[in-house]
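Here's a quick briefing to read alongside the structure.

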Number of protein chains: 2
Amino acid sequence: MSDMKLTVTKPTGLSQLSVPPRALFGPGPSNAHPRVLLALGMRQIGHLDPKFLEIMNENQALLRYTFQTENSITIPVSGCGSASMESTFANLVEPGDNLLILNAGYFALRMKDMAERYGGVVQTINKPWGSKFDLDEVKAAVEQYKPKILCAVHADTSTGARQPLEGFKELCEANDCLLLVDTVTSLGGVPLFVDQWGIDACYSGSQKCLSCPPGIAPLTMSDKAMDKVLARKTKVANWYLDLTAVKKYWGKERTYHHTAPINMNYALREALLLIAEEGLEERWARHQTTAKALWDGLKEIGLECYVDEEYRLPSLTAVTVPEGVNAKDVTKFVLAKYNIEIGNGLGELGGKIWRIGMMGFNSRLENVTLVIAALKDALEHCKADRSRDACPHLKK
Amino acid sequence: MSDMKLTVTKPTGLSQLSVPPRALFGPGPSNAHPRVLLALGMRQIGHLDPKFLEIMNENQALLRYTFQTENSITIPVSGCGSASMESTFANLVEPGDNLLILNAGYFALRMKDMAERYGGVVQTINKPWGSKFDLDEVKAAVEQYKPKILCAVHADTSTGARQPLEGFKELCEANDCLLLVDTVTSLGGVPLFVDQWGIDACYSGSQKCLSCPPGIAPLTMSDKAMDKVLARKTKVANWYLDLTAVKKYWGKERTYHHTAPINMNYALREALLLIAEEGLEERWARHQTTAKALWDGLKEIGLECYVDEEYRLPSLTAVTVPEGVNAKDVTKFVLAKYNIEIGNGLGELGGKIWRIGMMGFNSRLENVTLVIAALKDALEHCKADRSRDACPHLKK
């Protein structure tokens with residue numbers, strides 16, 4: 001043994017973990033289904049165990065159903081949603097590649113940042129946050145910029161807007177362009193047809209409509225997209241996410257790459273199995289029904305939705321903060337009094353909207369009743385003319 | 001709702017997850033402590049919840065104790081061990097940077113691969129797998145190549161060898177060079193003194209001596225290393241792992257970067273708390289005692305350790321496969337008959353060694369008794385002159 005002495009002492013006063021019973025009605029994470037948490041806590045097996053290889057196959061089959069794709073490369077990335085997003089850009093973008101990004105929210109900017117780190121040359125077309133792009137606007141931009149990759153956010157977590165993708169397939173085919181789509185807040189809750197819409201690269205997160213904790217992230221790539229990856233002149237500028245190596249672990253070869261997050265794979269399997277048991281169409285309909293009840297409830301207490309109903313996401317609703325109300329006081333109040341998390345606005349919508357998610361397991365009418373009641377109470381307490389100090393839930 | 005029809009049908013025949021009760025005595029993952037699994041399965045809270053920010057602070061304090069460092073940047077990376085490894089190289093290496101890697105195992109080659117993807121210019125000094133480097137050999141190479149970063153594997157998961165690091169601090173200081181160390185198979189099980197040894201960048205995994213499932217990965221960086229990161233001329237070529245942004249989420253600013261893997265952070269906290277409760281020195285001594293019993297037991301059944309005892313890891317023992325025995329038959333046999341996972345050799349040691357890990361919670365004398373009995377049984381059944389078909393555990 002070493003004869004050196006410890007110089008950093010252990011932290012004191014810590015005991016076994018205990019967490020408050022939050023209802024997660026923000027932009028994600030949503031609450032995991034109880035069966036998912038049970039699966040998550042099961043004892044580990046090895047990442048090359050025959051039983052784990054079986055679970056990997058099952059996760060791929062379940063993901064193909066959820067994405068509605070036959071893509072061979074359909075896998076959970078070993079990280080959070082941003083890791084599957086990074087994997088998409090790291091693999092597809094080579095220095096000098098031209099990308100066109102439809103920019104009407106926070107995550108389009110992240111796309112740009114990531115693409116540029118890999119040497120991509122990015123053009124954006126821009127609209128106010130929370131808007132959607134019409135097909136003819138996109139067509140004009142594609143024909144002008146001739147991108148190798150067209151990037152869209154199907155379900156924008158920062159605004160609650162849905163970008164319709166009908167017609168993009170034909171547009172991309174006519175212009176020899178790959179279609180890359182962010183489905184972080186739609187997968188498993190909002191109609192999504194990867195193959196029929198001609199999406200070539202599609203990433204998502206686990207902690208939104210899948211009702212699985214964050215830490216594993218679905219990704220699918222078409223053969224056309226993989227052809228581009230396999231034809232790269234340079235190595236993927238990221239070892240961990242390099243799909244040319246990762247695919248050999250998820251494919252027939254089973255070549256060791258990195259140790260997969262075993263328990264997160266258990267949890268994802270259970271979450272996806274719950275979707276298959278319910279049926280995708282039934283699940284989409286449930287999200288729509290719950291959202292409609294939420295929108296009605298918001299109207300009843302005098303609140304307005306930020307996004308037009310036509311392209312408003314059922315999974316995530318942006319609510320306009322009324323004149324004279326401090327947005328953060330309301331989120332703080334409902335957390336302190338009701339153990340409810342709702343989201344504040346992000347970026348340029350900070351202070352202007354709240355974000356209310358009714359995702360996956362949480363998409364239930366009783367949750368609508370609860371969040372509307374809590375919001376009503378909060379608004380009465382958080383009017384700007386009230387003293388903050390008078391409210392026990394807003395202190396400190 | 002969409003009027004499109006599903007084209008990919010759901011997989012059938014799947015039911016709720018069930019996993020075999022494996023004893024994970026390979027190179028990792030090791031079995032998680034039951035308290036860690038309980039914490040993992042707890043209900044989620046949001047990644048910006050005040051309670052979660054508290055857990056983040058606790059994880060940082062507990063990691064500082066476990067690493068024996070005062071480094072401000074001491075965090076769990078949101079991915080597996082290879083993600084914290086990638087984070088280290090992605091942040092520290094700028095195109096043209098000169099690195100020297102001590103190469104005597106599989107993971108030195110991975111270091112080289114990663115460093116080169118970020119534009120690093122790599123020199124290696126090479127020894128047979130399972131060797132260690134003496135200080136004067138390292139000194140000669142550092143003085144010859146004048147690297148900006150010297151890279152060593154403290155505990156090599158592919159060989160079970162321990163690279164002593166005493167004297168590296170003075171060497172690096174004298175040559176104005178950063179010291180980067182892989183501690184994947186040592187953190188929490190083998191004496192490690194990040195500050196006293198002058199380690200500037202150090203990464204590990206959760207699924208070895210910490211007895212936490214894979215999916216979150218400790219990382220620490222000295223101020224000197226962070227100075228290099230903050231002085232970069234180019235953006236970190238990786239958005240997800242960019243420490244200049246990640247540090248603002250883990251630091252006072254609490255700026256949202258990506259959604260942290262909430263439940264993996266719960267699990268890590270419990271795993272690290274168990275280390276603090278036991279005490280680092282007591283835990284290191286336990287690993288040494290268990291390893292000694294394993295080495296004695298191996299000798300008794302006629303097996304030899306591959307690495308000299310002087311620099312043999314207590315956490316992971318490489319065992320030489322005897323003449324006439326098919327290595328994979330033995331691993332297959334103990335898995336099938338005893339639910340025990342031990343590891344095969346990796347890379348050039350494939351077929352030549354087994355890798356037996358007694359890590360973290362698994363480092364207990366009863367596990368030594370079990371694995372030795374199972375190996376003894378396996379050796380009797382797996383002699384090359386026996387028919388494979390006669391053994392029910394080796395069929396298919």
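What follows covers the chain contact first, then the domains of chain A.

Keep in mind that this is a predicted model. Chains A and B touch through 85 residues from chain A and 86 residues from chain B. Chain A itself splits into two parts, domain 1 and domain 2.

**Where chain B meets chain A**

- On the chain B side, the elements giving two or more residues are α1 (34-40), α2 (50-67), α3 (81-92), α4 (106-117), α9 (262-278) and α10 (280-300) of chain B.
- The largest share of that side comes from α9(B), which puts in eight residues.
- Sorted by class, the chain B side that touches chain A holds 42 nonpolar, 26 polar and 18 charged residues.

**How chain A is divided**

- Domain 1 of chain A is made of two stretches, 23-27 and 279-390, while domain 2 of chain A runs over 34-277.
- Going by C-alpha atoms, the centres of domain 1 of chain A and domain 2 of chain A sit 28 Å apart.

**Where the two domains of chain A meet**

- Here 24 residues of domain 1 of chain A are in contact with 24 residues of domain 2 of chain A.
- On the domain 1 side, α10 (280-300) and β9 (316-320) of chain A each bring at least two residues to the contact with domain 2 of chain A.
- α10(A) gives the most to that side, with four residues.

Definitions and conventions:
Residues are numbered from 1 along each chain as its sequence is written. Chains are lettered from A and ligands numbered from 1 in the order in which they are written. This is a predicted model: local features need pLDDT of at least 70, side-chain atom pairs count only at pLDDT 80 or more; totals for chains, interfaces and linings use all residues. Two residues are in contact if their C-beta atoms, placed from the backbone, lie within 7 Å. Ala, Val, Leu, Ile, Met, Phe, Trp, Tyr, Cys and Pro count as nonpolar, Asp, Glu, Lys and Arg as charged, and the others, Gly among them, as polar. Domain bounds come from an automatic or database domain assignment.
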